[in-house]
Amino acid sequence: MSQARQAVILGAAAVVVILTNAGSPATAKWKQADPPGAYPSSPSGINRGGTMAGYYWATNNQNDAHGFIRSPNGSFTTFDAGTGHTIPTAINGKGDVVGWYGPLLGGRSCAGPMAL
Amino acid sequence: MVRPAPGRAFLRGADGALSTFDVRNARSTTPPGINDKDAVVGYYSGTYGFLRTPKGKIKPINVPEAQRTFATVVNDNFVIVGEYVDLAGVGHGSVGEADGSLSSFDIPGADTPFDIYPRGINSSAEITGWYTASDYTFHGCLRNAEGSVTRLDIGQTPTYPCGIDNEGNVVASFDFAHGFVRTTNGQISTLDYPEADHTLPAGRDKKGRVTGEYYSDDDGIRHTFLMKRSLSLHTGVAPPDGAPASGSTMVGD
């Protein structure tokens, strides 16, 4: 076999290996991380230490969204900033959360214009 | 344009202390960004940007000769990034340095975008976000520390970067359906919550854990997810699973 033919075969084999290994779901561990009783919920962000902030609606109560914070150990803290919806928008490395509250929804989520 | 959220702003400390604030006489105050020093940036009344200093003083941010200014993210060096809309209605990215100097950026090859929304900035002032082109299509973008801007799209689908860490890894979603992480060398790792039709990341921590929301078309109920381990990586050459067959990963086109 010529060196050129060997190179072509080896190159093709390398591409096959890349595509075969690409994105194997077996290496990912997914977990639902809703606050208890949430229906629905959406995270606004996660800081470098793994603390998450977001908002949720309570089951059977679609009136106002509430804020939540999920610590790295999985415990939740919920809060309301005032009357109406509470929508955290960002969390910093210390765990301080900023956001807005009010009677109407609007603004942006990560996925684009707020969909909820 | 960026739609103002009709409300007041709050800041909740890690200790649980809650405070609220407004820009004086504003119809609404929206704060999308905070740094580790508790500087908050945002926009008010759908028209003006602001910085709330760690001491609580609010300073307006207005790009000269702009009809609208929005501040969206700030890093720990107090580099403030956002958007301004010029008098012709064209959106531009804006970068305000801690010394008060101001510069702007545009998307190479983009035809008069009317909306640029920076969504993430890291300690090196690398910036990522999305923009809306004049044909109402959505695209991702990435601005490096030297100021060079590239598009960051997966094929021809809408792409929404939402964060960048200090190493330069970007977390994003595309086609309103799939998440992905793009490493600094251009490798793309797609993220799809099992059995879900939509996986939309919102951020990534230093261990590579990604959070976001997922839902299925059957009920549309959105749930929060946490992915604890990254997927294996694709090369920048091979299109990731879920990307349109006709469009390979396009970075910097």
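Predicted model: local features only at pLDDT ≥ 70, side-chain atom pairs only at ≥ 80, totals over all residues.
In chain B, strands β3-β4-β5-β6 line up in that order as an open sheet of four strands, with antiparallel pairing. The edges belong to β3 (29–34) and β6 (58–61) of chain B, each with a single partner strand, so one side of each is left without a neighbour in the sheet. From one strand to the next, the twist averages 30°. Strands here are DSSP runs of E of at least two residues, helices are runs of H or I of at least four residues, and both are numbered from the N terminus. Two strands count as paired if DSSP finds at least two bridges between them.

Residues are numbered from 1 along each chain as its sequence is written, and chains are lettered from A and ligands numbered from 1 in the order in which they are written. The model scores ipTM 0.89 and pTM 0.85. For chain B, pLDDT (the predictor's confidence in each residue, from 0 to 100) averages 87, and 87% of the residues score at least 70. The stretch to treat separately is residues 231–253 of chain B, where pLDDT stays under 50. The model has 66 contacts beyond four places in sequence for that stretch, a contact being two residues whose C-beta atoms, placed from the backbone, lie within 7 Å.

Chain B as a whole has zero helices and 22 strands. Of its 253 residues, 48% count as buried; that label calls for 20 or more other C-beta atoms within 10 Å of a residue's own, whereas exposed calls for 12 or fewer and partly exposed covers what lies in between, with C-beta atoms placed from the backbone. Among the chain B contacts with a separation of 6 or more, 36% are between residues 24 or more positions apart.

A second open sheet of four strands in chain B has the order β15-β16-β17-β18, again with antiparallel pairing. Its edge strands, β15 (159–164) and β18 (188–191) of chain B, each pair on one side only. Here the twist averages 25° from one strand to the next. Strands β16 (residues 170–174) and β17 (residues 178–182) of chain B run antiparallel and are joined by five bridges, with Phe174(B) standing opposite His178(B) in β17(B).

Further along, strand β21 (residues 223–227) of chain B has five of its five residues buried, so it is largely enclosed by the rest of the structure. In a regular strand the side chains alternate between the two faces of the sheet. In β21(B), His223(B), Phe225(B) and Met227(B) point one way, Thr224(B) and Leu226(B) point the other way, and all are buried. Strand β20 (residues 210–215) of chain B pairs with β21(B) in the antiparallel sense over five bridges, and Tyr214(B) has His223(B) as its bridge partner there.

Chain A comes to one helix and nine strands, in the sequence pattern α-β-β-β-β-β-β-β-β-β. Of its 116 residues, 42% count as buried, and residues 24 or more positions apart make up 24% of its contacts with a separation of 6 or more. Strand β3 (residues 52–58) of chain A is mostly covered, with six of its seven residues buried. Six bridges join it to the antiparallel strand β2 (residues 38–46) of chain A, and Pro43(A) has Gly54(A) as its bridge partner in β3(A). The hairpin of these two strands has five residues between them, and Gly50(A) takes a positive phi near 100° in it.

Asn92(A) sits in the loop between β6 (85–91) and β7 (97–102) of chain A. It counts as buried because it has 24 C-beta neighbours inside 10 Å. Leaving out residues up to four places away in sequence, Asn92(A) touches Asn47(A) as well as Ile34(B), Asn35(B) and Asp36(B). Asn92(A) and Met52(A) are 40 residues apart in sequence, and their C-alpha atoms are 9.9 Å apart in space.

Methods. Axes fitted to C-alpha atoms, helices over the stretch in contact; angles between N-to-C directions.
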